[in-house]
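Hello,

Here is the structure we talked about. My notes follow below it.

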Amino acid sequence: MSELVKRLSEGDHPVEASLRPERTVQALKERIDRGYVFIKFTDTKGGTELGVRLDPEATDLSKADFENQTGTVHLVGNLTLDYVKVRCIADINLETLTGQGHLEPVEE
């Protein structure tokens, strides 16, 4: 397991929703609706941006008010980082588009 995967699997880390060209709640909602979001871990050298295919069963949008841009989204999805299958779990605050997240290695 790489040092990066190991580090991001230990405890929670600051994350932000990585959105282009505009960093808006509406842009995040569109990405969630498509089932694929970019999450950036900001406490690594230069930041680590990961493309996450969302797991609709595990993702929770019930505490989010996209209309008023308040609340939080609980995003969960799988990806491969440094040849290791991992699950990314992130809670993003809609007011700031930042939050906390971590990785969990997935046993094959």
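The side chain of S18 makes a polar contact with the side chain of E49, at 2.3 Å (N or O atoms within 3.5 Å; within protein, one able to donate a hydrogen and the other to accept it, and residues adjacent in sequence counting only if both atoms are side-chain atoms). This is a predicted model: local features need pLDDT of at least 70, side-chain atom pairs pLDDT 80 or more, while totals for chains, interfaces and linings use all residues. Numbering runs from 1 along each chain as its sequence is written, and side-chain values use heavy atoms, without hydrogens or water.

S18 sits in the loop between β1 (13-17) and α2 (25-34) (DSSP runs, numbered from the N terminus: helices are H or I, at least four residues; strands are E, at least two). S18 is buried, because its relative accessible area is 10% (buried is under 20%, exposed over 50%, partly exposed in between; 1.4 Å probe, protein chains only). Leaving out residues up to four places away in sequence, S18 touches F38, K40 and E49 (heavy atoms within 4.5 Å).

A search of the whole structure gives one aromatic pair (Phe, Tyr or Trp rings, the six-membered one for Trp, with centres within 6.5 Å; planes under 30 degrees apart are stacked, over 60 edge-to-face, the rest tilted). Y36 and F38 form it, edge-to-face, at 5.5 Å centre to centre and 85 degrees between the planes. Y36 is partly exposed at 31%. F38 is partly exposed at 36%.

N68 lies in the loop between β4 (64-65) and β5 (70-81). N68 is exposed, with a relative accessible area of 53%. Its side chain makes a polar contact with that of D65, at 2.7 Å.

Best wishes
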